[in-house]
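Here is a note to read with the model open beside you. Follow the points in order and find each part as you go.

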Amino acid sequence: MNPSFDMLKNKKLFIFDMDGTIYLGSKVFPFAIRFIENLRKNGKKVLFFTNNASRSPKTYFDRLTNMGFSPAMEEIMTSGDVTAEFLIRHRKDKTVYLVGTPDLEENFRERGIKLLSGDEEKADIVVTSFDLTLTYEKLKNACRFIMNGAEYLSTHPDFNCPTENGFIPDSGAISAFVTASTGKEPVYLGKPYKETVEMISEFTGISKEDMCIFGDRLYTDIALGKRHGVTAILVYTGETTEDDVERAEMADKPDFVFPSLEEVDKIMFGI
């Protein structure tokens, strides 16, 4: 499956999914730290992108710093950032009911997005996300607003979030609840949707042809690359198995497959 490795060596921007790719829950992959250090030493740009919008970029900055990845703030982006930017550019001054964590609420408010409390009669837009503070009241409010005509958006489609103790329900599972009640499917942002590639390109000044993305999920990380012209590399340190790759349609298969980032490091830098 792997084409010429020169394709990777010539890329300018290396995008990394976080959980399942460079760490798993609280378990850090030391080889990921080494690989990213080698990329920076060789003049490559790095971007940490996660669909997990439950934490703010600042929270991820602190976490990645404590893990040893030495990030810069401008190297971190989440699906929450993409969603907030979409609202600012395309839904300016619309009222939003957000089903999300306090971190995500703060991210939206800092960008000037008008968030509702849930007591209102109507909302222009409902946004659901991976919410570790989820309550029945939040779900009830979201469904009521949608059934009263609100547009429905979701930060990302991931059904499960990997942890060192197994998988826990993610944003897609919460969306499924809302859809089951309202009959309305959300418009998803984050990976694998074009808004993410567009925002990354605009933010970094690098064209999609000069990017590559590393991830552990076929339907988000790899799909982002395959659908939008970004070289896609799968690692087996998270959700996806070899059987999953074998069953995938040819158009959905990654450009490269590796057991982990350790093997990529060895191929690119001979270490």
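1. **The sheet.** Five strands form an open sheet in the order S7-S6-S8-S9-S12, and their pairing is parallel. Strand S7 (114-115) and strand S12 (187-188) each have a single partner strand, so one side of each is left without a neighbour in the sheet. Strands here are DSSP runs of E with at least two residues, helices are runs of H or I with at least four, and both are numbered from the N terminus. Two strands count as paired if DSSP finds at least two bridges between them. Strands of a sheet pair through backbone hydrogen bonds, either parallel or antiparallel.

2. **What you are looking at.** This is a predicted model: local features need pLDDT of at least 70, side-chain atom pairs count only at pLDDT 80 or more, and totals for chains, interfaces and linings use all residues. Residues are numbered from 1 along each chain as its sequence is written, and side-chain values use heavy atoms, with hydrogens and water left out.

3. Look at strand S6 (residues 95-99). S6 pairs with S7 in the parallel sense, over two bridges. Which residue of S7 is the bridge partner of Thr95? The partner is Lys114.

4. **Helices across the sheet.** H4 lies across S6, strand S8 (125-128) and strand S9 (151-154). H4 runs at about 170 degrees to S8. H6 also lies across S6, S8 and S9, running at about 145 degrees to S6. Axes are lines fitted to C-alpha atoms, for helices over the stretch in contact; angles run from 0 to 180 degrees between N-to-C directions. Contact means heavy atoms within 4.5 Å.

5. **Helix H4.** H4 covers residues 79-90, twelve in number. From first C-alpha to last, H4 reaches 16 Å, close to the 16 Å expected at 1.5 Å a residue. The expected span is 1.5 Å times one less than the number of residues. Nine of the twelve residues are buried. Among them are Val82, Phe86 and Leu87. Buried means under 20% relative accessible area, exposed over 50%, and partly exposed in between (1.4 Å probe, protein chains only). Thr78 caps the N-terminal end of H4: one of its side-chain oxygens lies 3.0 Å from the backbone nitrogen of Gly80.

6. **A lysine in H6.** Lys138 is in helix H6 (residues 136-147). Is Lys138 buried or exposed? Lys138 counts as buried, because its relative accessibility is 14%. Its side chain makes a polar contact of 2.9 Å with the side chain of Thr133. A polar contact is a pair of N or O atoms within 3.5 Å; within protein, one must be able to donate a hydrogen and the other to accept it, and residues adjacent in sequence count only if both atoms are side-chain atoms. Not counting residues up to four places away in sequence, Lys138 touches Tyr97, Val99, Gly100, Asp131 and Thr133.

7. **The cores.** The largest nonpolar core has 35 residues. Those with the most contacts inside it are Ile15, Leu87, Phe108 and Ile200. H4 gives the most to this core, with four residues. Apart from it lies another core of 29 residues, among them Phe31, Ile36, Ile76 and Leu261. A nonpolar core is a set of buried Ala, Val, Leu, Ile, Met, Phe, Trp, Tyr and Cys residues joined through side-chain atoms within 4.5 Å. In soluble globular proteins, nonpolar side chains tend to be buried together.

8. **Helix H2.** H2 spans residues 30-41. Its end C-alpha atoms are 17 Å apart, which agrees with the 16 Å that twelve residues should span at 1.5 Å a residue. Its buried residues include Phe31 and Ile36. Among the elements that cover the buried residues of H2 are strand S4 (45-50) and helix H11 (261-269).

9. Most residues other than glycine have a negative phi, and most peptide bonds are trans. Ser70 is not a glycine, yet has a positive phi of about 50 degrees. Asp93 has a positive phi of about 70 degrees and is not a glycine either. Asp93 sits in the loop between H4 and S6. The peptide bond from Lys191 to Pro192 is cis, with omega near 15 degrees. Pro192 is in the loop between S12 and H8.
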